[in-house]
Amino acid sequence: MYHSPAFRIKMLLLALAGVNAVVFHRTVYRDAANWDPAAGVPGRARLAGLLSLVFWIAIIAAGRAIAYAPGYDLG
Amino acid sequence: MMPLFQWLQYTPLAQTIRHSAALIALLEIVHLIGLTLLLGTILMVDLSLLGLGIDRQPVSRIARELNLFTVIGLAIMLVSGPLILCSEAVRCYKTPAFWIKMALLAIAIAFHFTIHRRVALAAPHSSARVVAVLSLALWFGVALAGKAIAIFQPA
């Protein structure tokens with residue numbers, strides 16, 4: 001597992017997804033109660049949502065790819 | 001029914017998928033993305049039926065708004081699933097886990113669009129907890145049986 005590139009990519013993506021969530025909650029989300037409904041969701045919040053979707057879908061793909069790495073067995 | 005599965009596996013489409021590790025991996029990833037949509041949204045509704053989910057919105061509203069995402073997830077799985085199946089149809093035919101998965105899937109779909117749907121849209125409902133537990137058992141049963149197809153090879 002340690003030597004699998006897919007595993008390392010997955011761990012990196014997990015960290016990035018975490019950073020994205022922390023940044024979102026500490027910045028634009030703090031002010032969520034005051035968002036203007038007429039103006040829609042702020043751009044930075046949309047960006048956080050898009051990044052989250054991309055990271056998590058990529059985590060699924062990388063996770064599945066671990067099993068396809070050369071020499072992989074359950075050990 | 002074996003001849004049908006043999007025919008399926010030797011169609012050109014099945015052979016193309018069978019001989020491409022990249023295509024199989026891609027289909028499995030798509031299947032898993034469908035699974036997260038399907039199971040994720042059903043989990044949200046069932047947790048709400050159990051009183052453990054989002055409590056600032058009525059269950060019926062959660063069920064109504066998530067329904068489209070559940071259906072999209074199911075559609076993704078019902079397209080990618082048969083494509084993966086046809087690439088290894090004969091092995092699946094001989095694997096009990098495959099038939100258990102198909103039986104559970106049929107029951108889960110029938111249950112979801114009849115009893116589960118009625119109870120969730122009418123919630124709070126006296127049968128909410130029983131329906132949520134049954135729903136979770138059926139869908140997670142489908143997922144576990146699916147994983148088991150890959151683990152238990154036919155004798």
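1. The crossing of helices H3(B) and H7(B) is left-handed. The model is a predicted one, and the values below are computed from it. H3 covers residues 21–49 of chain B, and H7 covers residues 128–151 of chain B.

2. The two helices pack at an angle of about 160°, and their axes lie 9 Å apart. Because angles over 145 degrees count as roughly antiparallel, H3(B) is described as roughly antiparallel to H7(B).

3. On the H3(B) side, the contact is made by B:Leu35, B:Leu38, B:Leu39, B:Ile42, B:Leu43, B:Asp46 and B:Leu49. H7(B) contributes B:Ala128, B:Arg129, B:Ala132, B:Ser135, B:Leu136, B:Trp139, B:Phe140 and B:Ala143. Sorted by class, the contact of H3(B) with H7(B) has 12 nonpolar residues, 1 polar residue and 2 charged residues.

4. Next, the interface of the two chains. Interface size is often given as the accessible area lost when the parts come together. Chain B and chain A bury about 610 Å² between them, with 78% of that area on carbon and sulfur atoms. In chain B, the residues that lose the most area to chain A are B:Glu28, B:Ile29 and B:Ile33; together they account for 58% of what that side buries.

5. Counted by residues, the contact between the chains takes 8 from chain B and 5 from chain A.

6. What is the count of salt bridges between chain B and chain A? The count is 1 salt bridge. The side chains of A:Arg64 and B:Glu28 meet in a salt bridge, at 2.9 Å from N to O. B:Glu28 is also one of the residues of chain B that lose the most area to chain A.

How values were computed
Residues numbered from 1 in each chain as written. Chains lettered and ligands numbered in written order. Predicted model: local features only at pLDDT ≥ 70, side-chain atom pairs only at ≥ 80, totals over all residues. Heavy atoms only, no water. Axes fitted to C-alpha atoms, helices over the stretch in contact; angles between N-to-C directions. Helix = DSSP H or I, 4+ residues; strand = E, 2+ residues; numbered from the N terminus. Parallel < 35°, antiparallel > 145°, perpendicular 65-115°, else oblique. Left-handed = near helix turned anticlockwise from the far one by under 90°. Contact = heavy atoms within 4.5 Å. Nonpolar A, V, L, I, M, F, W, Y, C, P; charged D, E, K, R; others polar. Buried area = accessible area lost by both parts, 1.4 Å probe. Salt bridge = Lys/Arg side-chain N within 4 Å of Asp/Glu carboxyl O.
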